[in-house]
Each structure stands twice: as C-alpha cells, then as structure tokens.
Amino acid sequence: METVAITLDGVPVSGRQGMTILELAQEVGLKIPTLCHDPCLKPFGACRVCLVEDEATQRLVAACVTPISSGMKIRTNSDAVVKARKVILKLMLANHPESCLVCDKGNRCELRKLSAELGIGLVDYDRMPSQIKSIQEANPFVLRDMSKCILCGKCIRADQELVVVGALDYLHRGFSSRPATFLDNPLERSECTFCGTCVAICPTGALAEKGRVHPGTVSHKVATTCSYCGCGCSVWVHVRENRLVEVSPKKEGSVNRATLCVRGHYGGDYLHHKERLLRPQIRKDGEMVPVSWKEALEEVAGKLLDIAALYGPTSIGFFGSIQCTNEENYLFQKLARMGLATPNIDNGARFGPISGILAMEEELGVTGSTSSLDELEFAKAILVVGAQPSESHPVASYAIKRAVKQRGASLIYMGLLRDPLSQMAKAWIRPYPGTEGRVIVALWKLVSGKKKTAGEKWLEELHVGALLQGSMVDEHALEEAASILSSTRQCALVYGRGLYGNGGGKESVRALLGLAKELGCIGLAGGGIYPLDRGANTQGACDMGTLAEFLPGYRPAWDPDARRLIGRIWGKEPPPGPGMTLAQMIEAASTGQLKALYVMGEDLLGNLPKIAREALSHLEFLVVQEIFPTSTTGIAHVVLPAAGFLEKDGTYTSLERRIQRIRAACSPPGGAKPDCWIISALLNRIGQVPHYDSAADVMGEIRQVIPEMGGVSYSGMELQGIFWPCLGGKETGEEVPLPGLAFGDKIIGPIDLSMMTLPVSSENAFPQVAVLGDSLFSWGSGVRSGRASKLWAYNGSAKALVNPSLLKELGLKEGDPIRLVSKEGQLVVKAVERRELPHSVVWLIPGARGSEFSTLLEWGWDRGSFQLWGSCARVKVERPDQ
Ligand code: SF4
C-alpha cells in the first residue's frame with residue numbers, strides 16, 4: 001500500500017493512503033481530542049472538537065474526516081486550534097445543564113473531562129436553556145436525559161452501524177434536534193433491544209444506566225468475559241465495595257467491539273442476589289444443615305469412596321457444566337476418572353449441542369465453528385437454520401446483519417418465526433418444527449444438482465418432493481435458496497437448537513456438513529459452519545472431556561493409547577470408556593444401578609421431565625455444587641456453595657473456539673468457594689493429588705494432557721484470547737489451513753432420515769406441537785437470568801405465541817392465559833398472537849426464570865447422540881377454566 005508522508009506538529013511521519021489525520025496521529029501517539037469519534041464507528045465529523053490547522057491554507061479541518069495527503073503540514077495544537085476548540089466546547093456547555101454533581105456519568109463525562117483539560121471554567125456565554133423535555137420511560141435499563149445530549153450522533157450510529165437495529169435517528173432540526181425513536185415513542189415501544197451499546201458509547205450523561213447502585217467513581221475495573229452465551233463477549237466490569245456496579249463492552253481485541261446484548265450489559269447482578277448459597281450443607285434427618293467446609297468435603301469424599309468400594313466405581317456418575325470454566329471441567333473429569341475410576345461423566349451439552357459436537361468430530365475432526373465471528377461478516381451468502389441468533393446469540397446476529405446491510409450478503413433464514421433476520425432475508429424458508437433436517441437434505445440435493453457434482457448415489461436416489469413432505473416448505477423457495485448458496489463458496493452456515501435439538505439432531509447436523517462440503521465453504525475465510533451453543537463454555541466443557549465418549553482433547557475414551565498417555569501425566573490411567581451419558585445415568589438411577597451422582601453447576605431437574613426427577617430421587621447420594629438453590633439442590637444430600645463468574649479465575653472457550661480469560665473482580669459471598677478450589681480439595685482427599693495453587697496451574701496441566709493446546713497460556717490471551725486450534729488469516733475467500741480438519745475428500749455417508757422425527761408420539765389427544773424458543777431476557781434454566789433484577793423486571797414471565805385462530809376457537813384473545821397440557825404435565829401461560837405460526841404450533845418464550853416449560857417434557861433421547869429431548873413437546877391447548 002502506498003505510503004503518504006506528512007508532518008504533524010513539525011515532526012515528519014508517514015501513514016497509509018486513505019488514513020485520516022486523526023488515525024495517523026493516534027498511530028504515532030499524538031493526542032487529538034474527540035467527542036463524536038469512536039474507532040468502531042465510521043468517521044462522522046459532528047462535534048468538530050478534533051479541529052487541526054493545515055499550515056498551507058491556515059484552514060481548520062476536522063481531523064477525524066480529513067484524509068492525509070502527501071506533503072501536508074498539520075498543527076494539532078496551534079493557538080487558532082485551541083481557541084476554536086474552546087469556543088466549540090463553551091457553546092456545548094452553554095446548552096448543557098449544570099448538574100454534574102448529580103449526573104450519573106460523574107467523572108466519566110467526556111465533555112467535562114475535555115473542558116477541564118482545556119482549562120474551561122465558568123462559561124461566560126449566555127446560557128441557552130434546553131428546549132427538550134425529559135422522557136418518561138418504564139424500562140428498567142436506560143435513562144434518557146436529552147438535555148445533556150451534544151448531538152454527537154454516536155448512539156444513532158452505534159444503533160445503525162454496529163447493532164443494525166435502527167431504533168434511533170435524529171428527530172427535528174435546529175435547537176429541538178435530538179436522537180429519538182420512531183414517533184418519539186418510549187424505548188420499550190420501539191425496536192430497541194436494550195443492548196446498552198448506546199449507553200456505553202454516549203460521551204455525556206444523556207444516556208445512562210437506570211438505577212445504578214453506585215453512581216460516580218468506581219474503585220476498579222476488571223477485564224473479563226460474559227458468562228451467558230457462547231459468543232464470548234469481552235467486558236469491563238466496574239466494581240465498588242465488592243459489588244458489581246456496571247458492565248461495559250471491552251472493545252480492544254474483542255469479538256463484540258463496542259457492543260453487548262441486554263444479558264451481558266444488565267444481567268450480571270444476579271451474583272448479589274439474596275438467595276446465594278453461602279455455606280456447605282448436609283442433609284441430616286431429612287433437613288439441610290449448614291456445616292463447615294471440612295465436614296462437607298469429608299462427607300463427600302468418604303461417601304463416594306464408600307459407594308465405589310461397595311458397588312463398584314461405575315455406580316457413580318458426574319455431570320459437569322457448560323457454564324463452568326475449562327479448568328473446572330478439566331479437574332471435574334479428573335476427579336471422576338482418576339479419583340474414583342468411573343468413566344461416567346457428562347455435561348450440559350447433552351441437552352442439545354452434543355449432536356453437533358459428535359457429528360463435527362466424526363466428519364470434520366474439528367468441533368465448534370470453523371471460522372471466526374469476524375469472518376462471518378465477510379460471508380457472501382449466509383444460511384441460518386433452526387436458530388434465532390437475535391434472541392439467543394445477539395452478537396453473532398449483529399455480524400450477520402452487518403454482512404447483509406453493509407456488505408450485501410444474501411441471507412437465507414430457515415425458521416418458522418418472524419424476526420429481524422427473517423425480515424432482511426432474501427429467502428425465508430419456514431419448515432414445520434422437526435423437519436429442518438429433511439429440508440437441509442433436500443437443499444443439499446438441490447445444490448448438488450446445480451453444481452453438477454457427481455453426488456453420492458444415496459442422495460441422487462432421494463426425491464426433493466418426498467423429503468419436503470410435511471415440512472410446509474415450497475420446493476421453489478428452496479430452489480431459490482439453493483441458487484443463492486451455489487453462487488459462491490463464501491457461504492456461512494449458522495445452526496442452532498431447531499436443527500440439533502430435535503429427533504435425529506446428529507443426522508441433521510451431518511446433513512448440514514454434507515451441504516457445506518458440497519458448497520466447498522469449510523476451510524475458507526468468509527465461509528464455514530457456526531454452531532450456536534447453549535452455554536458460555538459449551539465448547540470448552542466438551543474440549544476438556546466432561547463427556548462419556550471423550551477424554552480431554554476428544555481422545556476416544558475407549559482408546560487404550562489415549563488412556564495410557566494421560567495415565568503417564570496423572571500417575572494413574574483413566575478407566576476404559578465410553579461411560580454412561582446423562583440419559584443412561586438416569587435410567588441406571590431408576591433401576592438402582594447408579595448410586596451416586598455429583599452435579600456441578602447445572603440444574604438437572606429444571607431441565608428434565610418428571611420421570612427423570614423420580615429416577616434421581618432414588619440415588620443414595622447426590623452432591624450438587626451450585627451458586628443458588630435449584631430444584632436439584634432441593635433433593636441433594638450435600639450442597640457445596642460455589643463462586644460465580646466474577647468471583648474466580650479461569651478461561652472459557654467461545655463458540656468460535658477462542659479461549660479467553662475470566663478474572664476474579666469480587667470475592668465470593670459468605671463461605672462460597674471457586675469450583676477449582678472445591679474439586680482440588682476433593683481430589684486431594686480422594687486421589688491424593690497435591691492441591692492446585694491456582695487456575696493457571698490447572699491450565700499448565702491441561703497443556704500437557706492436550707498437546708494441541710501447548711501454546712495456550714494466560715499471558716498469551718491477555719489481548720484477545722487464543723483460537724484453538726488456530727484459525728487462519730482474515731482475508732476473505734482465502735483457503736484457511738485449519739489444524740485437525742479432516743474434511744478433504746471424505747464422503748459424508750447416507751443420512752438416516754428415519755431418525756428425524758418429532759421426539760414424542762403424535763396422539764390425537766395432543767394435537768399441537770409446542771416448540772421451545774429463545775428469549776433475549778432469559779438464559780438456560782433461568783438460575784441466573786431469573787435472579788438478574790433488570791431482566792426479571794422487564795421480562796419475568798413466560799408466554800406462548802399462537803395463531804389468532806386458535807385463540808378464537810377457544811373464545812380467548814391476545815393476552816389471555818391459556819393452559820398447555822402434555823402427557824407429563826401442564827402449565828398456564830399468557831397467550832400472544834403471531835399470525836405466521838400454523839394453527840398446530842405453539843411457540844414457547846421462556847420468562848427470566850427459563851425452566852417453566854420443563855413440566856411439559858416427555859422422556860426420551862436421540863439414538864445417535866444420547867441427546868435428551870428438550871426443544872419440542874406434543875401438547876393440547878385449553879382454556880384455563882376448562
Ligand atoms: Fe453475553 Fe452472549 Fe450477549 Fe455477548 S451476546 S453479551 S456473550 S449474552
């Protein structure tokens with residue numbers, strides 16, 4: 001690229017063609033003040049505070065929008081520049097309320113800081129009283145005081161350029177001008193998703209977080225990773241007096257840049273909820289009694305060893321967590337395999353994502369996404385199937401929306417419900433719930449026909465019409481989707497619970513991999529597969545081997561060589577596997593074969609149907625390590641209080657396989673302890689393993705056990721985390737060598753269509769299919785989101801979306817309660833009309849508590865992956881007074 005030489009304050013410097021004066025100044029470490037500029041946004045030139053002087057013309061130009069040109073001589077601090085900046089700031093201050101002492105932005109207000117830097121004290125201009133009235137809003141997240149707005153436009157640009165929602169724009173002109181929603185509605189009646197990006201980016205107190213506990217100065221801020229979904233957003237947590245005060249996006253080197261979503265921004269205060277578990281408890285005479293850590297650990301170690309001695313090690317099971325860190329999951333499986341010699345270990349991925357993990361491991365040799373979320377933005381065609389990223393993985397949805405709106409990508413949205421992505425899709429395909437896998441096979445066949453590749457014989461023999469039977473999908477619409485996908489290799493295939501969570505989830509993901517192979521998009525920047533996992537660390541928990549089938553690093557649990565290798569490091573070989581999966585453990589519990597279960601950080605009963613609850617109640621010994629009381633702690637024999645994500649160190653691995661730090665910012669309440677500490681103490685008692693001093697120590701051992709992670713160190717992930725295995729370059733369309741990728745010429749064998757069925761019987765008594773949807777305001781079984789005060793206040797209760805005709809038949813209307821009855825249970829929820837849903841489909845939107853719908857679930861698992869059912873149920877809809 002051509003270099004351009006200029007002088008800045010008399011010093012010769014050179015930059016690249018197309019750079020602005022501001023960018024070059026920042027690159028060489030010269031500070032030019034700004035208010036409307038943000039590196040994540042396009043230059044705008046609204047505030048003019050960045051004025052600099054061009055020596056040749058003596059003109060003042062805005063540095064943020066003026067490109068450098070050869071021979072330019074720029075003064076950044078001349079008398080004329082300083083004078084002009086002062087005038088601009090004084091004009092802003094003359095129109096700004098003098099309420100700094102009570103303003104929420106306090107010492108963080110950029111207008112006030114800049115004025116102080118330029119020595120502006122009292123403003124000697126006539127004050128211009130604000131024409132703008134305060135805005136009354138009911139939402140619990142954002143406070144708008146537009147009298148403090150300096151019209152920098154950052155909120156509008158963040159909304160339109162980064163989050164691509166379009167809730168804000170300028171309203172009026174002249175003195176009344178300000179950012180506002182359409183028709184000046186309150187935010188809660190606009191498109192706003194309360195992601196808080198505008199609040200974080202606002203330089204003054206015009207936009208602030210509502211109801212902050214401690215306005216003003218915070219004692220310190222800590223860089224960490226959001227603990228909700230697998231996007232792995234980097235955040236700053238601001239802490240005062242051992243309490244979380246505020247969360248803001250960490251822009252540098254992060255996947256999320258200046259954005260977050262409502263959960264990440266406002267959903268962290270659950271950590272301070274009064275229901276936190278504070279002391280270990282043991283059940284004595286039917287009552288839970290608080291005890292010391294020593295007594296609790298001795299009880300757990302002693303009972304597990306006794307049970308192993310009496311009934312054999314395989315009478316014990318372990319269940320790890322997709323919300324806990326890599327280090328915790330690693331130690332947990334070590335406690336199971338080395339400490340107690342049981343191969344029975346599983347984790348929360350068994351509630352769905354396991355289908356994708358097994359399919360990808362088998363067919364690709366790589367689990368997780370094959371490209372980064374940054375690269376998703378450069379895809380030319382994007383297929384989203386069985387997922388609602390706008391609700392479940394918002395930061396991934398921002399990347400998709402930017403690809404479509406700003407780079408012209410063609411989007412194919414495959415999902416029944418209308419949402420922001422369906423509205424911008426070139427093709428919106430609406431498969432009936434449970435038929436997504438068959439539709440993908442049909443799409444694969446159509447693409448194969450268009451590409452005129454020599455397809456597999458079994459695929460050639462299938463008929464698209466037959467595959468689409470019962471799916472409600474029109475063959476012509478699917479043809480259009482096939483044409484879009486076939487037009488480029490830079491295709492990104494994004495999938496979620498609607499694909500992997502139904503019958504034959506693993507086969508459905510295999511079909512998607514077959515389609516990807518046909519498209520040639522894997523191993524190509526700007527293309528690839530993107531699974532949307534359920535937990536903050538689904539990927540990492542599986543990588544660490546809390547799975548019945550795999551040792552750490554996906555070494556098969558049956559493989560003697562793999563066991564020998566680990567045995568050399570541990571000093572004792574893990575037992576032969578595979579062990580029992582959760583589904584098998586539950587059945588074993590019901591027959592009395594499984595005697596003890598140790599659950600870390602998952603509310604099993606909150607996610608399982610009644611039959612499983614009964615089975616677990618037969619256990620002789622149930623240990624639950626948790627941060628809150630749950631339905632599972634309710635039947636436990638020992639409860640161990642654990643630390644939350646802001647109270648411990650470790651790492652998460654995001655859905656794009658980026659390993660990132662989480663850091664302790666507060667100390668745990670009461671006697672709660674980090675999970676690593678608890679498991680290390682038990683390993684010491686049970687397996688005579690010396691205590692691990694820190695999570696970093698555990699990572700040191702992980703590096704030995706998983707040689708592919710040899711380069712992973714805490715210091716190496718300071719800036720932006722480490723991709724594991726490393727992803728290739730960022731140039732779009734480039735072939736990316738992906739370590740471990742075994743796709744090559746491999747043929748994806750026949751897909752077993754017989755597995756792709758709805759999970760439950762289709763009896764006439766239950767004529768509707770209830771589908772579990774996603775909500776921005778709730779997460780998982782709701783143990784955390786249900787205790788996050790603002791998420792709860794805004795979206796506490798669950799609802800059911802139904803076709804208006806169904807309500808009419810029942811003599812009900814929008815907002816009325818309806819009763820959903822399944823074979824297993826029943827539930828009364830509020831009905832909300834959605835015309836796009838078929839009469840026979842009920843779409844369930846969880847409330848902040850999340851697990852309301854588990855009462856409807858039936859027991860069963862997928863034959864291919866032992867994945868438990870969980871996303872669909874057959875129900876009957878009734879009037880509540882029936
Ligand atoms: Fe957290 Fe996911 Fe939201 Fe990012 S997108 S802030 S990781 S919940």
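Visitor: In which loop does asparagine 242 lie?
Guide: Welcome! This is a predicted model, where local features need pLDDT of at least 70 and side-chain atom pairs count only at pLDDT 80 or more, while totals for chains, interfaces and linings use all residues. Residues are numbered from 1 along each chain as its sequence is written, and side-chain values use heavy atoms, with hydrogens and water left out. With helices (H or I, at least four residues) and strands (E, at least two) taken as DSSP runs numbered from the N terminus, asparagine 242 lies in the loop between strand S11 (234-240) and strand S12 (243-249).

Visitor: What does asparagine 242 count as by its relative accessibility?
Guide: Its phi is near 60 degrees, a positive value in a residue other than glycine. Buried means under 20% relative accessible area, exposed over 50%, and partly exposed in between, with a 1.4 Å probe and protein chains only. At 36% relative accessibility, asparagine 242 therefore counts as partly exposed.

Visitor: What is the phi of leucine 151?
Guide: Leucine 151 sits in the loop between strand S6 (142-144) and H4. At 32% relative accessibility, leucine 151 counts as partly exposed. Here a residue other than glycine has a positive phi, near 60 degrees.

Visitor: How many residues of helix H4 are buried?
Guide: Helix H4 spans residues 154-162 and is mostly covered. Its buried residues include Cys155, Ile156, Ala158 and Leu162. They pack against helix H3 (110-117), strand S7 (169-171), strand S8 (178-180), helix H5 (197-201), strand S9 (207-209) and H12, where contact means heavy atoms within 4.5 Å. Of the nine residues in H4, the number buried is eight.

Visitor: Which elements give two or more residues to the shell around the ligand?
Guide: The residues surrounding the ligand, each with a heavy atom within 4 Å of it, are Cys226, Tyr228, Cys229, Cys231, Gly232, Cys233, Leu260, Cys261, Arg263, Gly264, Pro394 and Val395. The elements giving two or more residues to that shell are helix H6 (262-266) and helix H12 (394-407).

Visitor: How do the residues of the shell around the ligand divide?
Guide: In this classification, Ala, Val, Leu, Ile, Met, Phe, Trp, Tyr, Cys and Pro count as nonpolar, Asp, Glu, Lys and Arg as charged, and the others, Gly among them, as polar. The shell residues divide into nine nonpolar, two polar and one charged.

Visitor: At what angle do the axes of H14 and H17 cross?
Guide: Two packed helices are described by the angle between their axes and the distance between the axes. Axes are lines fitted to C-alpha atoms, for helices over the stretch in contact, and angles run from 0 to 180 degrees between N-to-C directions. The axes of helix H14 (residues 436-451) and helix H17 (residues 475-486) come within 9 Å and cross at roughly 55 degrees.

Visitor: What does that make H14 relative to H17?
Guide: Angles under 35 degrees count as roughly parallel, over 145 as roughly antiparallel, 65 to 115 as roughly perpendicular and the rest as oblique. H14 is therefore, relative to H17, oblique.

Visitor: How are H8 and H25 placed relative to each other, parallel or antiparallel?
Guide: The axes of H8 and helix H25 (residues 675-687) come within 9 Å and cross at roughly 15 degrees. Residues that meet include Leu331, Phe332 and Leu335 in H8 and Ile679, Leu682 and Leu683 in H25. The two helices are therefore roughly parallel.

Visitor: How far apart are the C-alpha atoms of asparagine 344 and glycine 317?
Guide: Asparagine 344 has its place in the loop between helix H8 (326-339) and strand S16 (345-347). At 2% relative accessibility, asparagine 344 counts as buried. Beyond its neighbours within four places in sequence, its contacts include Thr314, Phe318, Met585 and Leu594. Asparagine 344 and glycine 317 are 27 residues apart along the chain, yet their C-alpha atoms are separated by 4.9 Å.

Visitor: Which residue just after H22 takes a positive phi?
Guide: In helix H22 (residues 582-591), Leu582, Ala583, Met585, Ile586, Ala588 and Ala589 are buried. Their cover includes strand S15 (316-320), S16, strand S24 (596-600), helix H23 (604-607) and helix H24 (610-616). Just after H22, a positive phi of about 85 degrees is taken by glycine 592.

Visitor: What is omega for the cis peptide bond that joins glycine 577 and proline 578?
Guide: Proline 578 is found in the loop between helix H21 (560-570) and H22. For the cis bond joining glycine 577 and proline 578, omega is about -5 degrees.
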